[in-house]
2 protein chains.
Amino acid sequence: FADVSKLAVDDYVGFTFFVGCMAMMAASAFFFLSMNTFDRKWKTSVLVSGLITFIAAVHYWYMRDYWAANMESPTFFRYVDWVLTVPLMCVEFYLILKVAGAKRSLMWNMIWLSVIMLVTGYFGETLYRDQAWFWGLISGIAYFIIVAIIWVGPAKKLAVQAGGEVLKAHKTLCWFVLVGWAIYPIGYMAGTPGWYEGIFGGLPMDVIYNIGDAVNKIGFGLVIYNLAVTASAKET
Amino acid sequence: FADVSKLAVDDYVGFTFFVGCMAMMAASAFFFLSMNTFDRKWKTSVLVSGLITFIAAVHYWYMRDYWAANMESPTFFRYVDWVLTVPLMCVEFYLILKVAGAKRSLMWNMIWLSVIMLVTGYFGETLYRDQAWFWGLISGIAYFIIVAIIWVGPAKKLAVQAGGEVLKAHKTLCWFVLVGWAIYPIGYMAGTPGWYEGIFGGLPMDVIYNIGDAVNKIGFGLVIYNLAVTASAKET
Ligand SMILES: CC1=C(/C=C/C(C)=C/C=C/C(C)=C/C=O)C(C)(C)CCC1
Ligand SMILES: CC1=C(/C=C/C(C)=C/C=C/C(C)=C/C=O)C(C)(C)CCC1
């Protein structure tokens, strides 16, 4: 008897896990197979986009089965995934700003902040659910600092220095971090107890997280891909 | 103990699931491995053809086991598959018409229409089977608009502007959408209750859908492949 699960026809969480899993796999194939058509400078960026979706594909594979088997949020695996993919996104910012002389320290600052954001979020969702608002707040502060770094801080300055296609791509990525990433705190509020209960109460947390992941991992990667296409075309 | 199922020798649905699965895998290998022999312009199109069959291969792998285990239509996974592959086909139209200046908005219009077509079809097949005719009708209208866009609408105009091999390929793809895609509503009518019961009553829905997928995913991809071959040859 084969290893397949039945899902209820109205199981939208299961649906988004399956669609998300396959979309991540397809996106990885797309980034990996197209990376060699670009100049060295952009190859690494596209490769890292592929790594982000590939890591997600593997975790979604696990999470969709976890969901199908237990009908329960795979919070543990969700955070395993984020703790790898979010730092890689910070690496992406560094990679595209390297042309303007970005320093490694910028990358590490963003990485540490993202780790703080995720570890505190994990505490709020699991061990200390009763103080979810408190951990969410700390997490939100770290998130806010990341937003500030790329919108008005050192990352912004470097993007202006680089100009051209890099600046354009940076602007789009800024919106991803401000609007796209803001999907996650909404999911958090929908899934944890607190004074904010009821605001997003009706929505299932996992659907929100899955939509967020699709937008941010694949969309983010496509912005990088697009930058590689236009920048490579100009250089030749 | 290996994870294999036995199938009855006259299980034609199972047969088409297994053949379909392998055909999709082989087609993916073909498109992925040959993409690098083409110019940049066509590479992406062939890559996307490969993504379509790759996505299908993964889902067929699941669906053939699902069928073998439950002897029941894997409707859920069928629609997970379509909701990813049909929009990618709209992307293909956009990609080949880009040479004639196709706009992103054309692509998005087609994508939205295809999503409406599929979501309403899903409702008719699962949650609201009693009104299957109604949901099928709405789905059919969306389908009809897609057909109109590519046969006589903006997509057609762009194809004429592009001329040559692109126009030829576009014509073939138009027939795929008009005749090839029409296989699916037939499967729908064979598989749902309604006044049309009996017309296609004897045929098993999944065999019809599997034939449709083989024709449209692999055939569609081969048309793109062929365009890449002939257009690349002319340019050198
Ligand atoms: C602010 C905030 C959060 C932010 C999470 C974010 C921003 C996650 C981003 C994940 C990404 C971008 C994954 C894609 O690969 C948490 C942890 C939900 C806890 C509540 C407060
Ligand atoms: C019109 C219509 C339908 C059309 C489905 C189509 C046109 C599906 C195409 C799928 C493809 C092309 C997949 C290949 O990758 C439904 C949903 C069965 C519902 C009944 C009415």
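A polar contact is a pair of N or O atoms within 3.5 Å; within protein, one atom must be able to donate a hydrogen and the other to accept it, and residues adjacent in sequence count only if both atoms are side-chain atoms. The views below show a predicted model, in which local features need pLDDT of at least 70, side-chain atom pairs count only at pLDDT 80 or more, and totals for chains, interfaces and linings use all residues. Residues are numbered from 1 along each chain as its sequence is written, chains are lettered from A and ligands numbered from 1 in the order in which they are written, and side-chain values use heavy atoms, with hydrogens and water left out.

**View 1. The surroundings of ligand 1 in chain A.** Ligand 1 is surrounded by 18 residues, a residue being near a molecule if one of its heavy atoms lies within 4 Å of it. The closest are Thr85(A), Met89(A), Ser139(A), Tyr184(A) and Lys217(A). The side chain of Lys217(A) places an N or O atom 3.1 Å from an oxygen atom of ligand 1, and a polar side-chain atom of Thr85(A) lies 3.3 Å from an oxygen atom of this ligand. Taken alone, ligand 1 exposes 530 Å², of which the protein buries 98%; accessible areas come from the Shrake-Rupley method with a 1.4 Å probe, and for residues only the protein chains shown count as cover.

**View 2. The helices and residue classes around ligand 1.** Helices (H or I, at least four residues) are DSSP runs, numbered from the N terminus. Helix 3 of chain A gives the largest share of the shell around ligand 1, five residues. The shell holds 11 nonpolar, five polar and two charged residues. Here Ala, Val, Leu, Ile, Met, Phe, Trp, Tyr, Cys and Pro count as nonpolar, Asp, Glu, Lys and Arg as charged, and the others, Gly among them, as polar.

**View 3. The surroundings of ligand 2 in chain B.** Among the 18 residues around ligand 2, those that come nearest are Thr85(B), Met89(B), Ser139(B), Tyr184(B) and Lys217(B). Polar side-chain atoms lie 3.0 Å from an oxygen atom of ligand 2 in the case of Lys217(B) and 3.3 Å in the case of Thr85(B). Ligand 2 exposes 540 Å² when taken alone, and the protein buries 99% of that. At least two residues of the shell come from each of helix 3 (75-97), helix 4 (104-125), helix 5 (132-151), helix 8 (183-191) and helix 9 (205-235) of chain B.

**View 4. A salt bridge within chain A.** A salt bridge is a side-chain nitrogen of Lys or Arg within 4 Å of a carboxyl oxygen of Asp or Glu. Such a bridge joins the side chains of Asp206(A) and Arg78(A) (2.7 Å, N to O). Asp206(A) belongs to helix 9 (residues 205-235) of chain A and Arg78(A) to helix 3 (residues 75-97) of chain A, so the pair ties together parts that are 128 residues apart in sequence.

**View 5. The interface of chain B and chain A.** In this interface, 31 residues of chain B are in contact with 31 residues of chain A, where contact means heavy atoms within 4.5 Å. The two chains bury about 2,700 Å² between them, 73% of it on carbon and sulfur atoms; buried area is the accessible area (1.4 Å probe) that two parts lose on being put together, summed over both. One salt bridge is found across the interface, and the side chains of Glu72(B) and Lys6(A) meet in a salt bridge (3.1 Å, N to O). Helix 2 of chain B supplies 14 residues, the largest share of the side of chain B that touches chain A.
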